Structure formats: C-alpha cells, structure tokens
Amino acid sequence: MAVQRVLITGSAGLVGGLMRLRLRRDGRILRLLDLAEQPPAEPGEAVELVHASVTDPAATAAACAGVDAVIHLGGHSRETSWEQILDVNIHGTRTVLEAARAAGVPRVVLASSNHAVGFRRTDEAGASGLPADSTARPDTYYGVSKAAVEALGSLYHARFGMDVIVVRIGSCFPSPVDLGPRGLATWLSPDDAARLFEACLAAPSPGYRVIWGVSDNTRRIYSLAEAEALGYTSLDDAESFADLIDAPAPTGPAAHYVGGPFVTIPLGEPD
Ligand code: 15L
C-alpha cells in the first residue's frame with residue numbers, strides 16, 4: 001500500500017493538536033508544520049515535524065514535497081492587527097497554496113470560519129440551516145481574512161484544477177461547555193472534525209467546495225447538507241452538554257448575528 005503523506009499547517013494550534021491525535025492512520029504520515037514548538041513524536045508515531053512559518057515560501061515549498069494533501073489550519077484564529085491578519089492569514093494562505101501548486105499537491109483543505117459570514121443574521125438560516133456557500137459578510141479583519149482564504153482557494157481550483165475544500169468551522173473545542181449557549185449551535189466536536197477532514201481527504205474529485213464544519217447539534221443553524229454530500233456524518237450533538245452550561249443567553253447584536261460576540265469586538269485589537 002502506498003504511503004499517504006498529509007501536511008497539516010498550524011499543527012501546534014488547538015485544532016491542529018486535536019487533529020494530530022485523530023488523523024493518525026496506518027499507511028499515513030502526518031507532516032506537521034508550525035512556527036510554535038510542537039510535542040516530539042511519540043514512539044511509533046508517523047509524523048514529520050517542520051518548524052516554519054506559513055509565510056515562508058522556501059519552507060512551505062519544502063514542506064509540500066511528496067505530499068498528497070494539505071490541511072491548512074495555520075494562521076491567527078482570532079482578531080488581531082490588520083498587519084498580522086494580512087501577513088499570516090492572507091499572505092500565508094497564498095504562500096501555502098502556491099507551494100502546493102508548485103509541488104503538484106492535488107488537494108488542499110482550507111480552514112475558514114463562521115466569521116467569514118459573521119454579519120449574516122441567525123434568522124436567515126432556513127429549516128436546513130444557513131447554506132455553506134452564503135456570500136461573505138465578515139465581522140472582523142479576521143473574518144475578512146477567512147473570506148480571502150475562500151477566494152484564494154476558489155482561484156487555485158479554477159486556475160490550476162486543484163481540489164480545494166473550504167471548511168467554515170463553527171467552534172471546534174474539546175467541549176462546548178465554556179462556549180456558553182452559542183456553542184450549543186456552533187460546536188464542532190473534535191471527533192466530528194476528524195470525521196470531516198477524513199471525508200475531505202477521501203471524497204473523489206470534489207473540485208471546489210465550501211462546507212460547514214459543525215456537529216449535528218439540535219440547535220444548529222448551519223447547513224450540513226454540503227458536508228454530508230462530501231461523505232461526512234456527524235455523530236455528536238452539543239445538546240448533551242446543555243445542562244452543564246449556566247452562562248446567560250447573549251443579548252444585543254451577539255444574539256442576532258452568526259458571528260456572535262465577534263460582531264462588536266474592536267477591529268484590529270488582539271483579544
Ligand atoms: C473562530 O473562528 C475562532 O478561531 C475560534 O477561536 C472561535 O472563536 C470560533 O470562531 C467561534 O466562533 O466560536
């Protein structure tokens with residue numbers, strides 16, 4: 001059996017760390033790229049650690065050599081200065097896509113976010129949820145960067161025929177308990193995230209897709225149809241944690257928009 005090599009950028013981040021544990025497979029090597037220090041390989045763990053920034057063309061080019069697919073999680077995961085957002089999230093994504101293209105990597109999975117459409121109203125979601133391809137309505141510079149990530153993915157698919165799947169992630173955390181009531185709608189469990197990324201890696205010829213990354217939560221407002229069409233089945237529901245959440249329901253704009261509290265945080269300020 002040919003060995004599959006998957007490059008994960010941002011592998012030292014929260015989602016990256018959760019996926020490092022869950023995307024291990026016989027016959028697969030995970031190449032893990034991050035600027036932050038990463039835990040060393042465990043005995044028998046098929047990983048290759050790369051200490052580099054996603055903004056470094058030479059390092060990303062080397063990291064893409066011999067790779068079958070890239071899962072690009074690297075970048076700022078919250079609001080910060082425009083300069084940082086531009087450099088790491090937008091320029092960094094272009095750098096990774098360009099490295100993947102030059103190396104002939106056929107498939108890239110890009111981490112986007114609900115904040116690309118954070119200024120869509122929650123009541124826009126019909127019975128089956130907000131469609132995954134709703135046009136961008138970012139709520140922050142961070143959200144703008146995720147809209148740009150999606151556009152770059154579309155460009156690289158259209159120009160070069162690469163399969164590019166954009167995942168608009170809700171809230172991927174070990175548990176929804178600390179997220180408050182909003183998390184009961186937005187949670188993507190780590191196990192479901194792994195199932196979703198596996199579907200992204202396995203789907204035959206997906207072309208360019210935008211899908212939501214969310215668990216099948218009772219209070220879900222994002223559509224699952226697009227991810228399910230790719231082969232994803234969610235097995236988790238944040239509702240099973242509802243009794244553990246005692247934070248009050250949000251009020252004001254945070255209650256009415258997809259981006260929740262992001263719609264009122266100061267632009268460009270690290271929080
Ligand atoms: C995101 O995009 C962030 O990366 C994450 O930290 C959470 O804030 C999440 O959105 C969310 O909306 O809960």
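This report describes strands, a nonpolar core, a ligand shell and several individual residues in a predicted model.

## Basis of the description

Residues are numbered from 1 along each chain as its sequence is written. Because the model is predicted, local features need pLDDT of at least 70 and side-chain atom pairs count only at pLDDT 80 or more, while totals for chains, interfaces and linings use all residues.

Strand β5 covers residues 107-113, where strands (E, at least two residues) and helices (H or I, at least four residues) are DSSP runs numbered from the N terminus. Seven of its seven residues are buried, so β5 is largely enclosed by the rest of the structure; a residue is called buried if 20 or more other C-beta atoms lie within 10 Å of its own, exposed if 12 or fewer, and partly exposed in between, with C-beta atoms placed from the backbone. In a regular strand the side chains alternate between the two faces of the sheet. In β5, R107, V109, A111 and S113 point one way and V108, L110 and S112 point the other way, and all of them are buried.

Strand β4 (residues 69-72) pairs with β5 in the parallel sense over four bridges, pairing being assigned if DSSP finds at least two bridges between two strands. Within this pairing, I71 has V109 of β5 as its bridge partner, and V70 stands opposite V108. Strand β6 (residues 163-169) also runs parallel to β5, to which seven bridges join it, and here A111 has V167 of β6 as its bridge partner.

## Crossovers and strand β4

Together, β4, helix α3 (residues 82-103) and β5 make a right-handed β-α-β unit; right-handed here means that, with the strands pointing away from the viewer, the path from the first strand over the helix to the second runs clockwise. The chain then crosses from β5 through helix α4 (residues 141-160) to β6, and this β-α-β crossover is right-handed.

Strand β4 is covered on both faces, with A69 and I71 buried on one side and V70 and H72 buried on the other. Strand β1 (residues 4-9) pairs with β4 in the parallel sense, over four bridges, and I8 stands opposite I71 of β4.

## The nonpolar core

The largest nonpolar core has 70 residues, and those that touch the most other members are V70, A100, V108 and V109. Such a core is a set of buried Ala, Val, Leu, Ile, Met, Phe, Trp, Tyr and Cys residues joined through C-beta atoms within 7 Å. Leaving out residues up to four places away in sequence, A100 touches C64, V70, V105, V108 and M162, contact being counted when the C-beta atoms of two residues, placed from the backbone, lie within 7 Å.

## The ligand shell

Around the ligand stand S77, R78, S113, N114, H115, S171 and T186, each near it in the sense that its C-beta atom, placed from the backbone, lies within 6 Å. This shell divides into no nonpolar, six polar and one charged residue, where Ala, Val, Leu, Ile, Met, Phe, Trp, Tyr, Cys and Pro count as nonpolar, Asp, Glu, Lys and Arg as charged, and the others, Gly among them, as polar.

## Residues in loops and the later part of the chain

L188 lies in the loop between α5 (183-186) and α6, and it counts as buried because it has 27 C-beta neighbours inside 10 Å. Neighbours within four places in sequence aside, L188 is in contact with I169, G170, S171, C172, A193, G213, V214 and S215. S205, in the loop between α6 (190-202) and β7 (208-213), counts as exposed, with 7 C-beta neighbours inside 10 Å; its phi is near 40 degrees, a positive value in a residue other than glycine.

V263, found in the segment after α8 (253-256), is buried, with 21 other C-beta atoms within 10 Å. Apart from neighbours within four places in sequence, V263 is in contact with G118, F119, D139, P253, A254 and Y257. A254 itself lies in helix α8 and is partly exposed, with 17 other C-beta atoms within 10 Å; not counting residues up to four places away in sequence, A254 touches G260, P261, V263 and T264.
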